[in-house]
Amino acid sequence: MYEKTFPNKRFKHTLEFLQKHIATSETIFDLGVPNPFSKIMIENGYTVKNTTGEDLDNNQDALQNEDYSVFTAFEIFEHLLNPYTVLQNVKSDKLLISIPLRLWFSSAYRSKTDLWDRHYHEFEDWQLDWLLEKTGWKIIAREKFTHPVKKIGFRPLLRLFTPRYYIVYAERVKNN
């Protein structure tokens, strides 16, 4: 997946956001199979469990059966048809989610060869906020950041200053 372009800036920003909000003593359940960022979290002292490749639109058992104190989903929700149900089944009280933002100058991503590597949702920040609110989460911190590319052209120029990623830290709303 990252054979030609390893997202160093995105991973650095994501790790700094994670470290700001989550202690290394907490157990993270990371949505998605083990990946380069899972390895980075482990290298930085976090205990990380991942899903095993199951279709999370149809089966959220792993969310209920694993022991974890923090739920993370880094660039996963845009691939799900039903992120609402996933969020309803998270059993921890803390979560971190990042998504690529919908860009007006770029169409939705769709791999022609990998059926799992397609974006069903191209989120705007308010859409993720609303999804979290509707499923019982309160956003504590949020950031947007750019992801410039080393190419020449109009779209690469726009990527220099147009936020590409949105990351949030949220906690479950407690009903007293």
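Trainee: Is R172 buried, partly exposed or exposed?
Mentor: In this predicted model, R172 is partly exposed, because its relative accessible area is 22% and the buried class stops under 20%.

Trainee: And where does R172 sit?
Mentor: In strand β6, which covers residues 165–172.

Trainee: What does R172 touch, leaving aside its neighbours within four places in sequence?
Mentor: R172 is in contact with V90, K91, S92 and D93, and also with G136 and W137.

Trainee: How far is R172 from E133?
Mentor: C-alpha to C-alpha they are 9.4 Å apart in space, and in sequence 39 residues separate them.

Trainee: OK, let's zoom out. How many helices and strands are in the chain?
Mentor: There are 6 helices and 6 strands. Going along the sequence, the pattern reads α-β-α-β-α-β-α-β-α-β-α-β.

Trainee: What share of the chain counts as buried?
Mentor: 47% of the 176 residues. As for contacts between residues at least 6 apart in sequence, 65% of them join residues at least 24 apart.

Trainee: Now the helices. How do the axes of α1 and α2 cross?
Mentor: Helix α1 (residues 8–21) and helix α2 (residues 36–43) cross at roughly 45°, and their axes come within 11 Å. The two helices are therefore oblique to each other. The crossing of α1 past α2 is right-handed.

Trainee: Which residues meet there?
Mentor: From α1 you have F11, T14, L15 and L18, and from α2 there are P36, F37, I40 and M41. By type, the residues of that contact split into 7 nonpolar, 1 polar and no charged.

Trainee: What does T14 touch, not counting residues up to four places away in sequence?
Mentor: T14 touches F37, F74, F145 and I167.

Trainee: On to aromatics, then. How many aromatic pairs does the structure hold?
Mentor: The structure holds 4 aromatic pairs. One of them is F37 with F74, an edge-to-face pair at 5.1 Å centre to centre with 75° between the planes.

Trainee: Which parts does that pair tie together?
Mentor: F37 lies in helix α2 and F74 in strand β3, so the pair links parts that are 37 residues apart in sequence. Both F37 and F74 are buried.

Trainee: Which residues do ring pairs link into a cluster?
Mentor: F11, F37 and F74.

Trainee: Staying with β3, where is T72?
Mentor: T72 is in strand β3, residues 70–74. With 0% relative accessibility, T72 counts as buried.

Trainee: And what does T72 touch, not counting residues up to four places away in sequence?
Mentor: T72 touches I28, F29, D30 and L31, plus L96.

Trainee: Last one: what is phi of E75?
Mentor: Phi of E75 is near 55°, a positive value in a residue other than glycine. For context, most residues other than glycine have a negative phi.

Trainee: Where does E75 lie, and is E75 buried or exposed?
Mentor: E75 lies in the loop between β3 and α4 (83–88). E75 counts as buried because its relative accessibility is 13%.

Methods. Residues are numbered from 1 along each chain as its sequence is written. This is a predicted model: local features need pLDDT of at least 70, side-chain atom pairs count only at pLDDT 80 or more; totals for chains, interfaces and linings use all residues. Side-chain values use heavy atoms; hydrogens and water are left out. Helices (H or I, at least four residues) and strands (E, at least two) are DSSP runs, numbered from the N terminus. Buried means under 20% relative accessible area, exposed over 50%, partly exposed in between (1.4 Å probe, protein chains only). Contact means heavy atoms within 4.5 Å. Axes are lines fitted to C-alpha atoms, for helices over the stretch in contact, and angles run from 0 to 180 degrees between N-to-C directions. Angles under 35 degrees count as roughly parallel, over 145 as roughly antiparallel, 65 to 115 as roughly perpendicular and the rest as oblique. A crossing is left-handed if the near helix is turned anticlockwise from the far one by less than a right angle, and right-handed if clockwise. Ala, Val, Leu, Ile, Met, Phe, Trp, Tyr, Cys and Pro count as nonpolar, Asp, Glu, Lys and Arg as charged, and the others, Gly among them, as polar. Rings of Phe, Tyr and Trp (its six-membered ring) pair if their centres lie within 6.5 Å; planes under 30 degrees apart count as stacked, over 60 as edge-to-face and the rest as tilted.
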